[in-house]
Amino acid sequence: MAMAAIPFRPYTGVIDTSSKRYQAAKAMLDEGKMRKSEAQSESETQLEKLRMLLRMLGKDTSSVDELLKLYEGDEEMAIRNLMGQLDEDGDRINCYGVAGMDITGKDPATIQKLIDIPEAARQDMFDTTLQEYIRFNGMGSGESDRTAVFTRYQLSVEKSERLTGTWTLEQYERCYERAFYNIVKAAAPDWKPGQRFDPSILDGVTRQSVEQQIVPSDGRTLTLTSGDAIDVRA
């Protein structure tokens with residue numbers, strides 16, 4: 001079963017205007033105000049004119065006042081909503097509760113490189129990939145548990161390592177998948193991904209036996225020594 005996203009909730013603590021979380025949220029709010037669409041600005045202008053006209057005529061302006069509140073908003077609530085999406089360092093938290101995964105403005109070369117991945121995380125990925133390769137007949141699925149594997153890994157390491165580590169762990173995942181494909185194809189040459197196969201073909205396959213075939217290729221990707229390169233540039 002695919003991992004469910006965690007709904008964002010407003011920050012409920014005491015607002016410290018000197019904190020990194022607050023300052024990042026305030027910058028996001030100010031940027032949003034600067035980007036306000038011309039259509040929205042025009043609507044506000046027209047509502048202001050309508051409110052002035054109603055006042056001149058001695059009419060009730062409450063309905064227009066309520067509409068303008070939608071544009072003006074409650075700044076403290078807006079700040080709290082944004083702070084709920086940030087950690088204490090002002091870094092964005094993704095929909096799975098992990099900070100440090102925002103790639104906005106980052107050079108791909110600083111992310112797409114190989115680092116050491118703990119054995120426990122590689123085993124977690126291997127086990128999940130093997131189970132799902134059998135379950136989905138060698139095809140991907142929206143019901144995959146891979147997101148949970150990545151999230152467990154990300155929360156187990158320093159925030160500064162999460163993007164590069166996730167890239168590397170994904171390289172292992174793709175090598176595991178290619179190794180399973182090679183093994184099934186060798187046992188059943190006419191098999192194609194999506195078709196059922198005898199899962200016993202993969203009995204006895206271990207992470208260690210697959211990783212003996214994995215080598216770095218160009219500093220950013222992993223390759224099987226059988227020649228099946230795994231590249232995820234796209």
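Guide: Two rings of Phe, Tyr or Trp are called a pair if their centres lie within 6.5 Å. By that rule, this structure, which is a predicted model, holds 8 aromatic pairs.

Visitor: Why is the pair of Tyr-133 and Phe-197 called tilted?

Guide: Their ring centres are 6.1 Å apart, and the cut-off is 6.5 Å, so they count as a pair. The planes stand at 55°; stacked needs under 30 degrees and edge-to-face over 60, so 55° leaves tilted.

Visitor: What makes the pair of Trp-191 and Phe-197 edge-to-face?

Guide: Here the planes make an angle of 80°, and over 60 degrees is the mark of edge-to-face. The centre-to-centre distance is 5.5 Å, which lies within the 6.5 Å limit.

Visitor: Which residues do the ring pairs link into a cluster?

Guide: The cluster takes in Phe-126, Tyr-133, Tyr-172, Tyr-176, Phe-180, Tyr-181, Trp-191 and Phe-197. One of these rings, Tyr-172, also has a charged neighbour: Arg-122 lies over its face, 5.7 Å from the ring centre. The distance limit for a charge over a ring is 6 Å, and 5.7 Å falls within it.

Visitor: Are Tyr-133 and Phe-197 buried or exposed, and how do you know?

Guide: Buried means under 20% relative accessible area. Tyr-133 has 6% and Phe-197 has 11%, so both count as buried. Trp-191 is buried too. Across the protein, 33% of the 234 residues fall in the buried class.

Visitor: What is the pattern of helices and strands along the sequence?

Guide: There are 9 helices and 2 strands, arranged as α-α-α-α-α-α-α-α-α-β-β.

Visitor: How much space lies in the largest pocket, and which residues are closest to its centre?

Guide: The largest pocket holds about 350 Å³. Its lining has 17 residues, with Met-101, Ile-103, Leu-163, Thr-166 and Glu-170 closest to the centre. By class the lining splits into 8 nonpolar, 6 polar and 3 charged residues.

Visitor: Which helices supply at least two residues of that lining?

Guide: They are H5 (108–111), H7 (146–156) and H8 (162–187). H7 gives the largest share, with 5 residues.

Visitor: What makes Thr-164 count as buried?

Guide: Thr-164, a residue of helix H8, has a relative accessible area of 9%. That is under the 20% limit, so Thr-164 is buried. A polar atom of the Thr-164 side chain lies 3.4 Å from the backbone oxygen of Thr-110, a distance within the 3.5 Å limit for polar contacts.

Visitor: Why does Arg-220 count as buried?

Guide: Its relative accessibility is 10%, again under 20%, so Arg-220 belongs with the buried residues. Arg-220 is in the loop between strand E1 (214–216) and strand E2 (222–224). Its side chain makes a polar contact at 3.2 Å with the side chain of Gln-112.

Visitor: Where is Asn-137 found, and what is its phi?

Guide: Asn-137 is in the loop between H6 and H7. Its phi is near 55°, a positive value in a residue other than glycine. Asn-137 has a relative accessible area of 16%, and this is under 20%, so Asn-137 is called buried.

Visitor: How many residues apart are Ala-120 and Tyr-153, and how many separate Asp-91 and Lys-20?

Guide: Ala-120 and Tyr-153 are 33 residues apart in sequence, with their C-alpha atoms 8.9 Å apart. For Asp-91 and Lys-20 the chain separation is 71 residues, and the C-alpha atoms are 8.7 Å apart.

Methods:
Residues are numbered from 1 along each chain as its sequence is written. This is a predicted model: local features need pLDDT of at least 70, side-chain atom pairs count only at pLDDT 80 or more; totals for chains, interfaces and linings use all residues. Side-chain values use heavy atoms; hydrogens and water are left out. On a 1 Å grid over the protein atoms alone, a cavity is a set of points where a 1.4 Å probe fits but cannot get out, and a pocket is an open set with protein on both sides within 12 Å along at least five of seven lines; lining residues have an atom within 4 Å of a point. Grid points are joined across faces, edges and corners, and a volume is the space filled by probe spheres set on the points. Helices (H or I, at least four residues) and strands (E, at least two) are DSSP runs, numbered from the N terminus. Ala, Val, Leu, Ile, Met, Phe, Trp, Tyr, Cys and Pro count as nonpolar, Asp, Glu, Lys and Arg as charged, and the others, Gly among them, as polar. Buried means under 20% relative accessible area, exposed over 50%, partly exposed in between (1.4 Å probe, protein chains only). A polar contact is a pair of N or O atoms within 3.5 Å; within protein, one must be able to donate a hydrogen and the other to accept it, and residues adjacent in sequence count only if both atoms are side-chain atoms. Rings of Phe, Tyr and Trp (its six-membered ring) pair if their centres lie within 6.5 Å; planes under 30 degrees apart count as stacked, over 60 as edge-to-face and the rest as tilted. A charge sits over a ring if NZ of Lys or CZ of Arg is within 6 Å of the ring centre and within 35 degrees of the ring normal.
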